[in-house]
Amino acid sequence: MTYRLLLLTWILVLFHPLRMVNQYVGGLSAFYWLQSLLLACLLPLWIMERARKRNFTLLMLLVALHALSTLLVAENTGYARTATRMIFEVYLLGIVTLSLCAEKRRLEALLRLFALNFIYYAFWGVRGGGKIGWDYVLDDSNQFGTYMGMGVAFCFCYFAAHRVGRGRWLGLAGAAASLLGAIASFSRGSFLALTVSYAYLWVRAKRRVAVTLAGCAGGVLLFVAANWLFPGGEFWQEMKTIQSGTAAGTGLDRKVLWGIAWNQFKANPLLGVGVHNFGVLAPVYAGEEARVRYPDLRTLWGRSPHNIYFQVLAEQGIVGMTLFLVLLGSFWKENRKMRKALEPFVKRTPRSERELTGGRIEARRYANYADGILVAAVCYLIGGFFYPIYEYPWLWSLLIINRLLRLVVSAEIARRQDAGIAGRRVSGAGT
C-alpha cells in the first residue's frame, strides 16, 4: 500500500499528468495539490511501516530548514513559502523512498520511471516547438533544453548499463528523444551544457571508443535534426552567438541581473533577501548599469537572476551558499566512493575468484547508473549558470536516486562478499 502510493507520488512529481490532462479537458487545476496530499499521507504510513527508517542526508534537511529561516527576512513571504514547501516535499519524498526502495527491484522500477519521463517530455516538447505550454517549468525553452540535456546524459548511461533487452532499447530511445528535445529548444546555454557534459563523460570514460562512437552517432542525429527543424542553418547561426558572451543581448541582460544579485548579497550577507525574493526586490537593488538598461525599474519586478549560484547567494546568503556547495560536494564524494567500491567487481578476474565473490554482481550496470546520475548533475550545474532552475526538483531527485543507488550497491557488495567468505570456508573444509 505505502509503496504503491510512493510510486504514484513519483509519477506525479516526474510526469505532471494532471497539468497535461487539464490542458485538454480542463477543470483539474483544483487537484494540483494532490502531490502534497499524497506526501502528507505517506509520512504517517512510512512511520508505521516495518521497513528500516533511513534519514535523507542531514545536509538536505539543513538546506530545507535554512530556506524556512529566510521567511523571517523575506519581503514576499508567499513566494518564499512556495519555494520552501517544494524543498521540504522533496526531503520527505527522499526519506520515504530510501526506506521503501532500497532493493534492486524497486530501484530498477524508479530508474525506469526516470528514463520514461525524459521520453515523455521530449515528445511534448518537440511537438510544442521546443517547450511545453502546459507545464509550469518546461514552458520555457531554455529550461526545457537543459532538462533534455540531462536526459541525454542519464539515458545514454542507462543504455550502456543494459547489454540486451528492453532496458537497452529504453535507454537508446530516451537518449535519442532527449537529444531531439534539446535541439528543438533552440537554446544556446542548454547546448553548451550538453556539450560540456558529454566532454566530461568522455574524459572520465574507461571505454572511450564506445563513448566516441556514441558521440559520432549523436552528432549525425544532431546535424540531421537541426537542419530539419531549423532549415537554412538557423540553428548553427544561433549557437555561434554564444561567442558574444555578456557583451550584448541576453548575455548583457544576465550580467545586469547578476550585478543586482550581488548587490542584494552585499546588503544581506548572512541570510539573503529570502527564498524566491530576488525579483521582488530587484528594483530596490538596481545599480547604475541596471538603471541604464532598464529606465523603468518596475520592469525588473519578478525577474530571476538566470543563475542558480547568484540566486542562492542573493536569496539565502553565505549560509545558504555554503550549505549548497557542501551538499554538492557530498553528492560528488558519495558517487565517487560508490564507483570506487564497484571497481574490483567490474574488472575481469579469474573464474574461481568471481565464483567465490559472487561474480560481477551486475557491477557494470550499477557503475553506469552512477555515471548517468553524475553526468546529468553536471549538465544541470552547467545549465544552472544560465537559467533559474534551482527551485525545481531536478537536482534534488538526482540526490535521492544517488543515495538510493549507494544503499543498494553497498548491500549487494556486502552480501556477495559474505557469500564469497562462506564459499572459501567450504572450499577450505573440503580440502
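I began at Ser-178, where a polar atom of the side chain lies 2.7 Å from the backbone oxygen of Gly-174. The model is predicted, local features need pLDDT of at least 70, side-chain atom pairs count only at pLDDT 80 or more, and totals for chains, interfaces and linings use all residues. Residues are numbered from 1 along each chain as its sequence is written, and side-chain values use heavy atoms, without hydrogens and water.

I then looked up the setting of Ser-178. Ser-178 belongs to helix H8 (helices are DSSP runs of H or I, at least four residues, numbered from the N terminus). Beyond its neighbours within four places in sequence, Ser-178 is in contact (heavy atoms within 4.5 Å) with Phe-118, Ala-122, Met-148, Gly-151 and Val-152.

Next I examined the packing of H7 and H8. Helix H7 (residues 141-161) and helix H8 (residues 166-184) pack at about 155°, and their axes are 7 Å apart (axes are lines fitted to C-alpha atoms over the stretch in contact, and angles run from 0 to 180 degrees between N-to-C directions). H7 is therefore roughly antiparallel to H8 (angles over 145 degrees). Among the residues that meet are Met-148, Gly-151 and Val-152 in H7 and Gly-174 and Ser-178 in H8. I noted 13 nonpolar, seven polar and one charged residue in the contact of H7 with H8 (Ala, Val, Leu, Ile, Met, Phe, Trp, Tyr, Cys and Pro count as nonpolar, Asp, Glu, Lys and Arg as charged, the others as polar).

Conventions:
Helix = DSSP H or I, 4+ residues; strand = E, 2+ residues; numbered from the N terminus. Parallel < 35°, antiparallel > 145°, perpendicular 65-115°, else oblique. Polar contact = N/O pair within 3.5 Å; in protein donor to acceptor, adjacent residues only side chain to side chain.
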